[in-house]
Amino acid sequence: MNLLVINGHPNPDSLNTTLAQTYIATAKSFGVTVRYLAIGELNFNPNLQYGYAKRMELEPDLLHALEDIYWSTHQVWIHPMWWVGMPAVMKGFFDRLFLPGLVFKHNKTGTTEGLLQGKTARILVTMGDLSPETHQSIYQSSGLIPLQEGILAYCGVQIKNTEVFGPLNDFNTNDIESLIQHVKQKAQEDVQNHSSEVVHCNTLN
């Protein structure tokens with residue numbers, strides 16, 4: 001299991017960072033190889049300046065991030081939801097890096113093929129003012145669609161699970177601790193489920 005944890009929060013002191021490090025520490029305790037990608041700490045221009053008319057040269061940090069994504073077999077995407085969407089730096093990350101020929105391609109038949117097939121993902125999203133119920137009932141869970149369907153699934157990644165947590169502005173210390181424990185549990189489940197799949201495959205062989 002090549003595990004890549006991606007943090008989309010630009011603030012390294014955020015709760016999202018705590019959740020990411022919690023997941024990593026739990027997975028490592030089971031002997032899993034883990035890489036960490038903090039998008040907010042990367043040095044790159046998030047503006048796709050020429051659209052798709054002209055390819056911009058990828059900065060070293062983006063090239064390294066692409067290598068991590070190719071290397072991964074399971075990805076954990078953690079980010080806050082702002083204005084019913086992902087942070088600007090995270091959107092810029094996808095604009096600059098998730099390009100034709102790198103993570104998907106257009107076939108001559110007019111179909112699109114994801115180049116990240118065989119990889120799985122878990123998505124963990126935090127919300128400051130919204131509750132999961134409000135996000136679903138009022139916004140039709142639209143804040144999850146870009147990453148879940150428009151990016152990862154489009155590029156061939158199989159989404160195993162998506163969870164939203166909030167409103168964090170109303171969380172107390174006990175709520176935060178419960179969330180941290182929940183992330184530990186999910187990390188353990190991911191490792192164990194992957195191990196079960198490997199054993200099952202070996203048995204079939």
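1. Two strands are said to pair if DSSP finds at least two bridges between them, and helices (H or I, at least four residues) and strands (E, at least two) are DSSP runs that are numbered from the N terminus. With these terms in place, Gln75 stands opposite Ala121 in S6, and strand S3 (residues 74-81) is joined to strand S6 (residues 120-127) by eight bridges, the two strands running parallel.

2. A word on the basis of this note: the model is predicted, so that local features need pLDDT of at least 70 and side-chain atom pairs count only at pLDDT 80 or more, whereas totals for chains, interfaces and linings use all residues. Residues are numbered from 1 along each chain as its sequence is written, and side-chain values use heavy atoms, with hydrogens and water left out.

3. The pair S3 and S6 belongs to an open sheet of five strands, in the order S2-S1-S3-S6-S7 and with parallel pairing. At its edges lie strand S2 (33-38) and strand S7 (158-165), each of which pairs on one side only. Neighbouring strands of this sheet are turned by 15° against each other on average, direction ignored, where axes are lines fitted to C-alpha atoms, for helices over the stretch in contact, and angles run from 0 to 180 degrees between N-to-C directions.

4. Helix H2 (residues 60-71) packs on the sheet and touches strand S1 (2-7), S2 and S3, contact meaning heavy atoms within 4.5 Å. The direction of H2 makes about 145° with that of S2.

5. Helix H1 (residues 15-28) consists of 14 residues and reaches 20 Å from its first C-alpha to its last, close to the 20 Å expected at 1.5 Å a residue; the expected span is 1.5 Å times one less than the number of residues. Among the buried residues of H1 are Leu19, Tyr23 and Ile24, where buried means under 20% relative accessible area, exposed over 50%, and partly exposed in between (1.4 Å probe, protein chains only).

6. Trp83, in the loop between S3 and helix H3 (88-97), has a positive phi of about 50° although it is not a glycine, and Trp83 counts as exposed at 86% relative accessibility. Gln140, in the loop between helix H4 (132-137) and helix H5 (145-153), has a positive phi near 55° and is likewise a residue other than glycine; Gln140 is exposed, with a relative accessible area of 58%.

7. Finally, the peptide bond from Gly166 to Pro167 is cis, with omega near 0°, and Pro167 is found in the loop between S7 and helix H6 (173-204).
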